[in-house]
Amino acid sequence: MHRLVAYTKFASISMLVATTLLTVTFLHEIYRPDVVMDSTDMSTGKDTLARWILGNDDDDEHKEHIVNRQIKAKTVYAITVNAPYNINNRNICRGVDKVSVLVVVHTAPDHFFIRSEMRRTWLNTTFYSPESVRVVFLLGLVTTSTLQVEIEKESDMHRDIVQGSFIDSYRNLTNKGVMGYRWITENCLNAEMVIKVDDDSLINFFKYFEEMRNILVPKKKHIFCNRIEPNTMPIIRKRNSKWFVRPDDYRSYSMYPHRYCSGFVVFISTDLVPALFHAAIGSPFFWVDDFYLFGLLPSMVKNVTFDNYRGNLTFSHPEGLKCYQKEHSKCKYLVMPAKNKEIDVMWKAVIEDRQQSSYGYYYMRLNPLQQNL
């Protein structure tokens with residue numbers, strides 16, 4: 001009799017434990033927390049302010065319950081390989097069979113004027129018709145609700161912003177870049193060419209379509225950039241440097257070991273992007289974004305080739321402006337710096353000898369082979 005009573009008590013307790021575990025698991029799956037952290041703080045090992053976002057990513061806005069909490073953690077992989085988007089405009093590349101160029105802009109959240117000028121000038125997609133140019137601006141999370149409201153208004157108006165679930169900071173640019181690879185893989189593989197740019201750059205797309213497209217588009221697993229050769233760029237170990245790399249990262253190296261690109265403007269063949277994203281899934285986080293995104297990840301993909309556009313690049317705004325004011329469309333520069341009010345000045349120099357149609361687009365000087373592409 002005593003055995004029967006003991007067995008009955010044991011069975012009741014086991015059933016209670018099992019029910020509790022099932023309930024906890026169910027609630028965890030419904031309200032699964034995604035940790036969003038600033039890798040600048042994580043790299044120091046100090047407490048960092050994290051945002052726990054409760055809910056799932058079923059809608060585009062993903063602005064559910066947000067609470068702040070102090071935690072101590074360290075990133076192992078780029079969190080954007082599977083973190084939810086805070087804002088996701090999925091339809092940027094839809095509605096056309098082929099996107100001629102997708103421009104992926106790494107921009108700071110408060111650069112409203114710069115984004116406005118870019119849309120008005122060289123990223124005004126009307127100017128390149130019938131070519132289909134699409135633009136997506138990548139941002140991270142911000143620390144003030146006022147700034148977030150303005151970003152959401154901008155997104156509602158232009159539908160060209162993607163905001164990830166990470167704090168927007170200089171040492172989180174790797175997370176921003178991985179998010180870009182992921183977003184393209186999910187939403188824009190119909191692009192003929194992907195171009196990653198910083199928001200202080202300007203590309204002469206007339207020169208691209210007239211002179212470069214025929215050369216670049218047929219190439220597969222290809223990167224066209226300001227190329228940096230292996231073992232030529234020192235790894236900065238000085239703690240007071242903006243580019244400081246901890247002793248634990250690349251411990252036995254004094255130079256970056258892989259070929260990579262300066263991230264100012266990088267042309268990437270679209271077929272390579274999914275491979276780069278999948279490489280990021282298994283690659284430990286490294287905060288130096290140029291090396292990680294355009295060096296380390298490509299080194300993990302077979303048969304990637306690099307070409308150098310250094311002869312068509314200037315990092316001097318006065319030099320680029322002087323070239324276009326003097327030589328007009330014969331200026332050799334494809335890529336130039338331009339920020340704030342410089343954007344309008346450079347754009348006017350680029351289009352000075354261009355004829356604009358009554359429909360808004362500018363006529364391009366294409367040869368018959370290019371017109372048939």
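Guide: The face of helix 9 that is turned away from its buried side carries the exposed residues Pro 318, Lys 322 and Lys 326. Buried means under 20% relative accessible area, exposed over 50%, and partly exposed in between (1.4 Å probe, protein chains only). Helices (H or I, at least four residues) and strands (E, at least two) are DSSP runs, numbered from the N terminus. This is a predicted model, in which local features need pLDDT of at least 70 and side-chain atom pairs count only at pLDDT 80 or more, while totals for chains, interfaces and linings use all residues. Residues are numbered from 1 along each chain as its sequence is written, and side-chain values use heavy atoms, with hydrogens and water left out.

Visitor: Which residues of helix 9 are buried?

Guide: An α-helix has 3.6 residues a turn, so residues three or four places apart point the same way. In helix 9 (residues 317-327), the buried residues are His 317, Gly 320, Leu 321, Cys 323 and Tyr 324. Seen down the axis of helix 9, these fall within an arc of 160 degrees, so they line one face of the helix; the arc is that of the directions from the helix axis to the C-beta atoms.

Visitor: What covers the buried residues of helix 9?

Guide: Contact means heavy atoms within 4.5 Å. The cover includes helix 6 (205-216), strand 13 (335-337) and helix 10 (342-350).

Visitor: Which residue caps the N-terminal end of helix 9?

Guide: The cap is Ser 316, with a side-chain oxygen 3.2 Å from the backbone nitrogen of Glu 319. After helix 9 comes His 328, which has a positive phi, near 55 degrees.

Visitor: Where is the place of Ala 338, and is Ala 338 buried or exposed?

Guide: Ala 338 belongs to the loop between strand 13 and helix 10. With a relative accessible area of 1%, Ala 338 is buried. Leaving aside residues up to four places away in sequence, Ala 338 touches Asp 199, Asp 200, Ser 201, Leu 202, His 317, Ile 343 and Met 346. Between Ala 338 and Gly 320 there are 18 residues of sequence separation and 9.3 Å in space, C-alpha to C-alpha.

Visitor: At what angle do helix 7 and helix 8 pack?

Guide: Axes are lines fitted to C-alpha atoms, for helices over the stretch in contact, and angles run from 0 to 180 degrees between N-to-C directions. Angles under 35 degrees count as roughly parallel, over 145 as roughly antiparallel, 65 to 115 as roughly perpendicular and the rest as oblique. Helix 7 (residues 273-281) packs on helix 8 (residues 289-299) at about 90 degrees, with the axes 9 Å apart. Helix 7 is therefore roughly perpendicular to helix 8. Leu 276, Ala 279 and Ala 280 of helix 7 meet Tyr 292, Leu 297 and Pro 298 of helix 8.

Visitor: What is the angle between helix 3 and helix 4?

Guide: Helix 3 (residues 112-120) and helix 4 (residues 145-158) pack at about 10 degrees, their axes 12 Å apart. This makes helix 3 roughly parallel to helix 4. Phe 112, Arg 115 and Arg 119 of helix 3 make the contact with Leu 147, Glu 150, Ile 151, Glu 154 and His 158 of helix 4.

Visitor: How many helices and strands does the protein chain have?

Guide: The chain has eleven helices and 13 strands. Of its 373 residues, 51% are buried.

Technical notes
A polar contact is a pair of N or O atoms within 3.5 Å; within protein, one must be able to donate a hydrogen and the other to accept it, and residues adjacent in sequence count only if both atoms are side-chain atoms.
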